[in-house]
Amino acid sequence: MWRLTKNILPTRANLHKKGISLDLQCPLCHHEVETTNHLFLHCDLMKLTLFASHLGSHMPLQVDLFDWILSWLTCHDTLGTQLFCTILWKFWAARNNVVFRGDKLEPVCLVDEAMSFVQEFNDANPPRRGRASLPLITVTPPVSRPSFSVFVDAGCNLNGPTVWGLVLKNHDRITTFSACKCDDIAVDPIMAEALGVRWAIQFVREQGLHSVCIFSDAENVVNCIANKVKIDAIEMVAQDCRELLSSLPNVSVLFVRRDQNIDAHNLASLARLVGNQTWVGAAPNASVMSNYAENSATNCIVFGCFPAFC
Ligand SMILES: [Zn+2]
């Protein structure tokens, strides 16, 4: 982290500044010159890595790399800070493995490694006063308790497909409906999330639900729909969302941290295995689903279907 913030990591651009002649392209995405800024802020592989993590962290737009790092180092969410720093460190190490060993950088594996590392570190260093053992919950509380909560999340790959998960909970926080969806399109993470929120709003409308909080862990998207920030890339979808919301009484879209959005996140992953599916209540657990994935070519499992999706 120290070398990163001093901008003295031997990226290709920094080596070039020292008079070494070499291919300057980013070895991960091959789209731009490999500067520190590109690698840790703009590279698609970095975006996918953070997107795959539990930080709920979508790349901020037009932010200075060092301001962004500083905001993570001073955010009072100890676990978040640990994970953020570990991901950056592992990302650099993985980049080196790409360059020197010809390995492939796998965002999901990298994030798993970072999580395990943080967990192992914290297990070996029990919490002292001031060290948070669990991330803080930062759900924005609705004005009055909603009758329903809809949690939605998206997942994407560079070359598609794009996947989404949606969970409906009643006022007792019981899951009454789950859905996952898979589309053979390749979009940016932020667009995937925006489309997910629109899907959730459409779902609420089709089901005629009132008093609903829709939760997304994409803070940028939530702020864009609320007109707090302007994001050209998703403006059209955000506009759709605003129009849909204006026709729905007492429905709001709120930010939730990724660790509070695990059910929808897992459902989005499940969509890669099972495609479009719906369940009354919670989706079957992971072991059932892995069986399903293994046998899906030959077996047919009947899932409960919500009327609107049949
Ligand atoms: Zn790159």
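**Helix packing and the zinc site**

Colleague: How are α4 and α7 oriented to each other?

Modeller: This is a predicted model, in which local features need pLDDT of at least 70 and side-chain atom pairs count only at pLDDT 80 or more, while totals for chains, interfaces and linings use all residues. Residues are numbered from 1 along each chain as its sequence is written, and side-chain values use heavy atoms, with hydrogens and water left out. The axes (lines fitted to C-alpha atoms over the stretch in contact, with angles from 0 to 180 degrees between N-to-C directions) of helix α4 (residues 44-52) and α7 come within 8 Å and cross at roughly 50°. Since angles under 35 degrees count as roughly parallel, over 145 as roughly antiparallel and 65 to 115 as roughly perpendicular, α4 and α7 are oblique.

Colleague: Which residues of α7 meet α4?

Modeller: The helices are DSSP runs (H or I, at least four residues) numbered from the N terminus, and contact means heavy atoms within 4.5 Å. From α4 the contact draws on L45, L48, T49 and A52. Their partners in α7 are P107, V108, L110 and V111.

Colleague: How are α6 and α7 oriented to each other?

Modeller: Helix α6 (residues 78-101) and helix α7 (residues 107-124) have axes that come within 9 Å and cross at roughly 130°. With that angle, α6 and α7 are therefore oblique.

Colleague: Which residues of α7 meet α6?

Modeller: On the α6 side, the contact involves L79, Q82, L83, T86, I87, W89, K90, F91 and A94. Across from them, α7 contributes L110, E113, A114, M115, F117, V118, F121 and N122.

Colleague: How are α8 and α10 arranged?

Modeller: Helix α8 (residues 189-206) packs with helix α10 (residues 235-246) at an angle of about 20°, their axes lying 9 Å apart. This angle makes the two helices roughly parallel.

Colleague: Which residues of α10 meet α8?

Modeller: The α8 side consists of M191, A194, L195, V197, R198, I201, Q202 and R205. The α10 side consists of V237, D240, C241, L244 and L245.

Colleague: What is the arrangement of the donor atoms around the zinc ion?

Modeller: Its protein donors (N, O and S atoms within 2.8 Å of the metal) are C26 (SG), C29 (SG), H38 (NE2) and C43 (SG), at 2.1 to 2.4 Å. These four atoms subtend angles of 102 to 115°. Because four donors count as tetrahedral if all angles lie between 85 and 135 degrees, the arrangement is tetrahedral.

Colleague: How many residues apart in sequence are the parts tied together by C26 and H38?

Modeller: The donor residues follow the spacing C-x2-C-x8-H-x4-C. C26 belongs to the loop between α2 (12-17) and α3 (36-42), and H38 to helix α3, so the separation of the parts they tie together is 12 residues.

Notes: Donors are N, O and S atoms within 2.8 Å of the metal (3.2 Å for Na, K and Ca); water is not among the atoms, so sites may look incomplete. Four donors count as tetrahedral if all angles lie between 85 and 135 degrees; four count as square planar and six as octahedral if opposite donors are over 155 degrees apart and all others between 65 and 115; anything else is irregular.
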